[in-house]
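Take a moment to look over the sequence and the model. Then follow the walk through it below.

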Amino acid sequence: MSTSVSSSTPQAQGEGAAPAYTFIARTSEVEPDYALQVQVEGRPPLAVVCLEGEYFVMDDTCTHGDASMAEGEIVGCEIECPFHAGRFDIRTGAATVYPCTKALTVYPVKVEGDQVFAALDAGHCADDAA
């Protein structure tokens with residue numbers, strides 16, 4: 001399943017260093033334990049997942065091959081690549097099962113009402129952690 005949103009829908013933020021959040025999806029569009037592919041104008045696809053009522057947004061393209069993670073299976077707190085069965089931790093993006101070795105970028109998320117937002121300019125990759 002996939003959906004598209006315009007990148008011109010960031011939520012207004014006050015002055016300061018707080019990241020701008022972009023609307024990603026409605027909570028009703030994200031089935032628990034399944035990933036939803038989201039196309040945000042001007043960006044590579046994203047995947048949004050709801051695990052135990054918490055929402056996570058990550059890059060949708062596997063770092064090992066050109067597969068959509070939204071087509072992968074959720075196994076516990078991991079998402080499995082549909083191409084070669086490598087896995088990533090949904091919460092951190094870290095590669096957890098070979099042949100995947102490079103982490104996915106994950107984004108800070110907030111939920112307001114029935115809307116999921118992500119700070120797309122504040123993504124981080126577990127591989128970059130010291």
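**From one glycine to the whole chain**

Start with G72. This residue sits in the loop that runs between strand 6 (54–59) and strand 7 (74–75). Is G72 buried or exposed? Its relative accessibility is 14%. Buried means under 20%, so G72 counts as buried. What does G72 touch, leaving out residues up to four places away in sequence? The answer is E80 and P82. Look at P82 again. It is 10 residues from G72 in sequence, and the two C-alpha atoms are 4.7 Å apart in space.

D60 is buried, yet it has no salt bridge. Where is the nearest side chain of opposite charge? It belongs to R43, 13 Å away. A salt bridge needs a side-chain nitrogen of Lys or Arg within 4 Å of a carboxyl oxygen of Asp or Glu.

Now turn to the aromatic rings. How many aromatic pairs does a search of the whole structure find? It finds 1. F23 and F117 form this pair, which is edge-to-face. Their ring centres are 6.1 Å apart, with 75 degrees between the planes. An angle over 60 degrees counts as edge-to-face. The pair links distant parts of the chain. F23 belongs to strand 3 (residues 21–26), F117 belongs to strand 13 (residues 115–118), and 94 residues separate them. F23 counts as buried because its relative accessibility is 17%. F117 is buried too, with a relative accessible area of 5%.

Step back to the whole chain. It has 14 strands and 0 helices. Of the 130 residues, 42% count as buried. Take the contacts between residues at least 6 apart in sequence: 43% of these join residues at least 24 apart. The accessible surface comes to about 6800 Å², and carbon and sulfur atoms account for 47% of that.

How far can you trust the picture? This is a predicted model. The chain averages a pLDDT of 89, and 85% of the residues score at least 70. Residues 6–14 have a pLDDT below 50. In the model, this stretch has 17 contacts beyond near neighbours in sequence. Where pLDDT is low, the predicted coordinates should not be read in detail.

Methods:
Residues are numbered from 1 along each chain as its sequence is written. This is a predicted model: local features need pLDDT of at least 70, side-chain atom pairs count only at pLDDT 80 or more; totals for chains, interfaces and linings use all residues. Side-chain values use heavy atoms; hydrogens and water are left out. Helices (H or I, at least four residues) and strands (E, at least two) are DSSP runs, numbered from the N terminus. Buried means under 20% relative accessible area, exposed over 50%, partly exposed in between (1.4 Å probe, protein chains only). Contact means heavy atoms within 4.5 Å. Accessible areas come from the Shrake-Rupley method with a 1.4 Å probe; for residues, only the protein chains shown count as cover. pLDDT is the predictor's confidence in each residue, from 0 to 100. Lys and Arg count as positive and Asp and Glu as negative; His and the chain ends are not counted. Rings of Phe, Tyr and Trp (its six-membered ring) pair if their centres lie within 6.5 Å; planes under 30 degrees apart count as stacked, over 60 as edge-to-face and the rest as tilted.
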